[in-house]
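User: I have a chain open on my screen and want to talk through it. Can you take my questions one at a time?

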Amino acid sequence: MASSIQKNLVEKNAEYASKFTKGDLALPPAKRYLVLTCMDARIDPAAAFGIDLGDAHVIRNAGGSARDAQRSIIISEQLLGTKEIVLVKHTGCGMLTFSNEDAHSLVKKNLGPSAAAEIATLDFLPFSNLEDAVREDVEYLKRSATVPDDVTISGWIYEVETGKIRQVV
């Protein structure tokens, strides 16, 4: 039996598909850039950053982590031709609220020793300072041999309280 979430998905998709007219967009993003941001449900990258369908790749993960997104970044650049990375972290991020030790303890408590053993070496990539985390991720990308030197990289903070964005790097 379908959950209420699944039923809503089907209903809303039917509405969307009935008006959909952009099936002829090219596979590579038209504006040749990617946005890397957090998976936080309070961020709507398309609306907040002015991204139209087909303009850019949007990569989302916990904390908008460059390390966690590296596979997708390589595919975006090397296979699909993007030439710019816009990294956006945000105020009130959950990644500011815990340590690796906290996350590992929680997994062990809630999921048991087998799950804890499975992720024993996993770095959850938490951070304690938002601006420093933006700078560190931008520097990580700039130092990475997997990001060509001609790729433009900038780092930003989105304020979930106001909807405003400000450049850090």
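User: Where does Ala62 lie?
Analyst: This is a predicted model. Ala62 touches Cys38, Met39 and Met95, leaving aside residues up to four places away in sequence. As for its place in the chain, Ala62 sits in the loop between E2 and H3.

User: Is Ala62 buried, partly exposed or exposed?
Analyst: The relative accessible area of Ala62 is 28%. Buried means under 20%, and exposed means over 50%. The value falls in between, so Ala62 is partly exposed.

User: How far apart in space are Ala62 and Met95?
Analyst: The two residues are in contact. In sequence, Ala62 and Met95 are 33 residues apart. In space, C-alpha to C-alpha, the distance is 7.2 Å.

User: How far apart in space are Asp149 and Ser4?
Analyst: Asp149 is found in the loop between H6 and E4. Asp149 is exposed, with a relative accessible area of 77%. Asp149 and Ser4 are 145 residues apart in sequence, and their C-alpha atoms are separated by 47 Å.

User: At what angle do the axes of H3 and H6 cross?
Analyst: Two packed helices are described by the angle between their axes and the distance between the axes. H3 covers residues 66-79 and H6 covers residues 130-143. Their axes come within 10 Å and cross at roughly 40°.

User: Which word describes how H3 and H6 are set to each other?
Analyst: Angles under 35 degrees count as roughly parallel, and 65 to 115 as roughly perpendicular. The crossing is at roughly 40°. H3 and H6 are therefore oblique.

User: Which residues of H6 does H3 meet, and what classes make up the contact?
Analyst: H3 passes H6 in a right-handed crossing. Ala66, Arg67, Gln70 and Ile73 in H3 meet Asp137, Tyr140 and Leu141 in H6. By class, the contact holds four nonpolar, one polar and two charged residues.

User: Which element gives the most to the largest nonpolar core?
Analyst: This core has 32 residues, and Leu36, Ile73, Ile85 and Leu141 touch the most other members. Strand E1 (33-38), strand E2 (56-61), H3, strand E3 (84-90), H6 and strand E4 (152-158) are the elements that give two or more residues. With six residues, the largest share comes from H6.

User: Which residues does Ile85 touch?
Analyst: Ile85 is one of the core members that touch the most others. Residues up to four places away in sequence are not counted. The partners are Leu34, Ile73, Glu77, Leu141, Val147, Val151, Thr152, Ile153 and Ser154.

User: What is phi of Arg32?
Analyst: Arg32 is in the loop between helix H1 (4-19) and E1. Arg32 is partly exposed, at 42% relative accessible area. Its phi is positive in a residue other than glycine, near 55°.

User: And what is phi of Leu125?
Analyst: Leu125 lies in the loop between helix H5 (113-118) and H6. At 25% relative accessibility, Leu125 counts as partly exposed. Leu125 is not a glycine, yet its phi is positive, at about 60°.

User: What pattern does the chain follow along the sequence?
Analyst: The chain has six helices and five strands. Read along the sequence, the pattern is α-β-α-β-α-β-α-α-α-β-β.

User: What share of the residues is buried?
Analyst: The C-alpha atoms fill a box of roughly 50 × 50 × 35 Å along the principal axes. The chain has 169 residues. Buried residues make up 34%.

Conventions: Residues are numbered from 1 along each chain as its sequence is written. This is a predicted model: local features need pLDDT of at least 70, side-chain atom pairs count only at pLDDT 80 or more; totals for chains, interfaces and linings use all residues. Side-chain values use heavy atoms; hydrogens and water are left out. Axes are lines fitted to C-alpha atoms, for helices over the stretch in contact, and angles run from 0 to 180 degrees between N-to-C directions. Helices (H or I, at least four residues) and strands (E, at least two) are DSSP runs, numbered from the N terminus. Angles under 35 degrees count as roughly parallel, over 145 as roughly antiparallel, 65 to 115 as roughly perpendicular and the rest as oblique. A crossing is left-handed if the near helix is turned anticlockwise from the far one by less than a right angle, and right-handed if clockwise. Contact means heavy atoms within 4.5 Å. Ala, Val, Leu, Ile, Met, Phe, Trp, Tyr, Cys and Pro count as nonpolar, Asp, Glu, Lys and Arg as charged, and the others, Gly among them, as polar. A nonpolar core is a set of buried Ala, Val, Leu, Ile, Met, Phe, Trp, Tyr and Cys residues joined through side-chain atoms within 4.5 Å. Buried means under 20% relative accessible area, exposed over 50%, partly exposed in between (1.4 Å probe, protein chains only).
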